[in-house]
Amino acid sequence: MSDAAVHALDHHEPVTSTGIPNKKVLMWAFLGSDCMFFGTLISTHLIYRKISATVGGNTLDVRDIFDIELTSFSTFILLASSLFMALAVSAIHKGNLKSTRWMLLGTIVFGSIFLACQVYEFTHFVHGKENKNGDLEHQLTLSAYAGKTLEDGKDAELKPHVFGSTFYVLTGTHGTHVAIGVFWLLGWFVYSFTGRMSTAHAIDIECCGLYWHFVDIVWIIIFPVVYLMEYAF
Amino acid sequence: MAIESIKYASPETESKLETKAFPRPGQHASGIVDWLTTIDHKKIGLMYGLAALFFLIVGGIEALLIRSQLWSHNMEVLTNRQYNQMFTMHGTTMVFLVIMPLSAAFFNFFMPLQIGARDVAFPRMNTLSLWCFIAGGIILNLSWFFTGGSPAIGWFGYAPLTDPRFTEVIGDMGPDFWIFSLQILGIASLLASFNFITTIINMRAPGMTMMRLPVFTWMTLVVSFLLILALPAIAIALAELMFDRSYGTNFFDFLEGGKPHLWQHLFWIFGHPEVYILILPAMGIVSEVIPVFSRKPLFGYGLVVFSGALIGFMGFAVWSHHMFTTGMGVVATSAFSILTMLIAIPTGVKIFNWIGTMWGGRIRFDTPMLFALGFITMFMIGGFTGIMHSSVPIDAQHQDTYFVVAHFHYVLIGGALFGLFCGFYFWLPKITGRMMNEKLGKFVFTLMFLGFNLTFFPMHYLGMIGQPRRTHSYNEGHGFEAWNQIATVGSFILGIGVFIGVVQFIHSFYSKKLKPAGKNPWDARSLEWTLSSPVKDYNFARTPIIKARDQAWENNHGEKDNHSEKQPLDDHGVHMPDRSWCPLVTAFGLFVMAIGLLFHQSIDASGELARDYTIAIAGGVIFVVGVIMWAIEGPRGYHLFPKENEE
């Protein structure tokens, strides 16, 4: 560790009772709280998933809406981004600034790809799918769902539904978390060019890492519970 | 040594740790700038306390209006809707803007002193918490001035009362103000709790093990955990409700597949831990006060601490007892009934420990002790009626009657508020450096105790003979009048008592005539009483090395081995972080964002719904700028050099 870093540690990281840096304790406390945020959202979704399947005589088969290949791909991308994040944390601990910078960029890029997939997905769900005749069907909005095109060729009517509400708010909240993470990492990426970054910032990058892995783990729960389960039960 | 003494001789030498990035109030800021930019936990605690006392008066006036309306049958002091608004605002104000912030005020001021810390772990975040609380309080009370006036949905905001289609006033904005204010108050509580948890876990003085922490600090820790785990439930419920009201989602819309029942669950998953969030700080205060005025150590310290933690833990598993009459089914109802009965055990343990502490002690009946005794007795009555409610058949009879009103006021006034007033009378001498008038204090206690019991004891009976709560008026011939009149008279006595108390608190900050308190006027036991009153900016000139649980007591009366030591003065001086504008800017950004979202909808000329996010985005920009400046400016700071003999 360079002298400058030791000096910086001296001032920014006072000795703590547990030996764990304050920022890390804060981060863990926040993540504990965030678990409850997502826990509430996921339970809301699970409670409504089946109960409201046929509201207004409008049976919703979510498989008609989902694009499971795309979501599997974006899931893979998000998981992969965690590898970059872990490498960035390891690099800053070793004092390898250059490697830290590029690993941060890797995380940012993969996070952004995930977000792009989600934006694409949301847009298409709201817009609906084209059937053979070029008509739109299976639209899912925040408040309503339109099923298959009717046999006489008329567009299916949008009818009130709860699935869109729980689905968009849950996955949207997760997407917001990813977006915040991307901006946070972007901040550190930019900072790495100022020449001030040192191993003293390892704790900051580590906190980013904790957050990023957490958001990743939440997706590991959301993907099977919200997406895959629809194909099983 | 000579060099050192030269250094200490110049008490306030400023030393910049980093270069200045932004204009920032320096070490010598004073007046309004000091209060707006302070990051000192003591000043933050004071502002929390003063704002909460202000809201206590506001909420109290609302309560007196309710009581005036119920003076006799078919009164018209308030209209139907005004009455609904009053009990909604009274409940919301008292819970979120009075009891919680008063507890936060004591947490802020005394927890760092009790563990021997310089400040909380994240001082600027602490300031942000304060300004978020103020912003939330303002937003809630702004509702009076806009369409529909303040919310008329009860503090619980049950669906479908919050559904725009079922309100009496078209375009009613009350519930929206309620949603955004609670959301911002939630942020304030979360930030404070993260901070307190980190501080207690990580910033204890050497030797201050977890099992030497004062019980009040323990309760701070338990309450902070309760807050960070319970608030998310209501934050999400409120967000879902906001989407329902503004974007047409169907979370709680029963006409379109939503379940109003789910709102009740989400609300009470937060709401029941909230009950313990309100009462545990008071229990912590009382656990500090009773040993001092009994001149005995707390009986069964470990049991009291673990009972507190157990109450907090079990508090998460009893929420559905608020919903026994919603038809959850036999199994769920029985399970929650049993758990509710079980939670009485740790509560009872605490009460017996307090009694055990007093047993054989040399009790002094100073004002703090009177409030502590008031707390125990009144809280017990509230607790007993609580156990009655855990029985499902009885609860079905009591549901929505004045019996329930009596129950939770015994817990929240006789419990929480008495505990907090006890804290004021106990700790204000440490804050102001002056003793308060004992006679006036005892007079306040007498008024409050009498007024409180006159108001709420008759409500037990009123509830049993069937007076419904949350109901604007009652007809002649039920025999409700006499008891209601006693209650109304009592409420005014209680109101006068509280008001005199508040005036006495404020007065003690200014009055030069009051006698100086000195370091330890009560011969109290915990670490804050080893410091001078009022406490110096830097708290501890030299970090204490803790040797025993009741360190101040041990220092004065204990064996030599148990006396605390002091680390030598650091030749760096005491590091003080710089004041900052960023928390205020960030909180202002949130405030503007909330206002922007509240008013983003309008009906344009063609009768279509138009959305305009300009103000909300502006608020977002202010918020982001605040956060970025915050990150760039860093903690920085200056050093103070206390003299060798200063505490």
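## Phe114 of chain A

Phe114(A) is found in helix H4 (residues 97–127) of chain A; helices (H or I, at least four residues) and strands (E, at least two) are DSSP runs, numbered from the N terminus. With 27 C-beta neighbours inside 10 Å, Phe114(A) counts as buried. A residue is buried if 20 or more other C-beta atoms lie within 10 Å of its own, exposed if 12 or fewer, and partly exposed in between, with C-beta atoms placed from the backbone. Leaving aside neighbours within four places in sequence, Phe114(A) is in contact with Ser74(A), Ile77(A), Leu78(A) and Val178(A); contact requires that the C-beta atoms of two residues, placed from the backbone, lie within 7 Å. Between Phe114(A) and Tyr227(A) there are 113 residues of separation in sequence and 16 Å in space, C-alpha to C-alpha.

This is a predicted model, in which local features need pLDDT of at least 70, side-chain atom pairs count only at pLDDT 80 or more, and totals for chains, interfaces and linings use all residues. Residues are numbered from 1 along each chain as its sequence is written, while chains are lettered from A and ligands numbered from 1 in the order in which they are written.

## Chain A overall

Chain A has 6 helices and 5 strands. From the N terminus on, the order of elements is α-α-α-α-β-β-β-β-β-α-α. Of the 233 residues in chain A, 39% are buried. Among contacts in chain A between residues at least 6 apart in sequence, 67% join residues at least 24 apart.

## Contact between the chains

In the interface, 27 residues of chain A are in contact with 29 residues of chain B. Helix H2 (22–51) and helix H5 (163–191) of chain A each supply at least two residues of the side of chain A that touches chain B. The largest share of that side, 13 residues, comes from H2(A).

By class, the residues on the chain A side divide into 14 nonpolar, 13 polar and no charged. Here Ala, Val, Leu, Ile, Met, Phe, Trp, Tyr, Cys and Pro count as nonpolar, Asp, Glu, Lys and Arg as charged, and the others, Gly among them, as polar.

## Packing around H3 of chain B

Helix H3 (residues 41–69) of chain B packs against helix H5 (residues 123–142) of chain B at an angle of about 10 degrees, with their axes 10 Å apart. Axes are lines fitted to C-alpha atoms, for helices over the stretch in contact, and angles run from 0 to 180 degrees between N-to-C directions. H3(B) and H5(B) are therefore roughly parallel to each other; angles under 35 degrees count as roughly parallel, over 145 as roughly antiparallel, 65 to 115 as roughly perpendicular and the rest as oblique. Their crossing is left-handed, a term for a near helix turned anticlockwise from the far one by less than a right angle, with clockwise being right-handed. The residues of H3(B) that meet H5(B) include His41(B), Tyr48(B) and Phe55(B), and those of H5(B) include Pro123(B), Leu130(B) and Gly137(B). This contact has 9 nonpolar, 4 polar and no charged residues.

H3(B) also packs with H16(B), at an angle of about 165 degrees and with the axes 10 Å apart. H3(B) and H16(B) are therefore roughly antiparallel to each other, and their crossing is left-handed. Among the residues that meet are Leu53(B), Gly60(B) and Arg67(B) in H3(B), and Ala487(B), Gly495(B) and Phe505(B) in H16(B). The contact of H3(B) with H16(B) has 11 nonpolar, 5 polar and 1 charged residues.

Helix H15 (residues 438–464) of chain B has 27 residues and reaches 39 Å from its first C-alpha to its last, close to the 39 Å expected at 1.5 Å a residue. The expected span is 1.5 Å times one less than the number of residues. Just after H15(B), Gly466(B) takes a positive phi of about 105 degrees.

In helix H18 (residues 582–598) of chain B, 17 residues should span 24 Å, and the end C-alpha atoms are 24 Å apart, which agrees. Of these 17 residues, 13 are buried, so H18(B) is largely enclosed by the rest of the structure.

## Backbone exceptions in chain B

Most residues other than glycine have a negative phi, and most peptide bonds are trans. The bond from Ala159(B) to Pro160(B) is cis, with omega near 0 degrees, and Pro160(B) is found in the loop between H5 and helix H6 (174–202) of chain B. The bond from Ser533(B) to Pro534(B) is cis, with omega near -10 degrees.

Arg295(B) has a positive phi near 55 degrees and lies in the loop between helix H8 (260–294) and helix H9 (301–314) of chain B. With 14 C-beta neighbours inside 10 Å, Arg295(B) is partly exposed. Phi of Arg470(B) is also positive, near 55 degrees.
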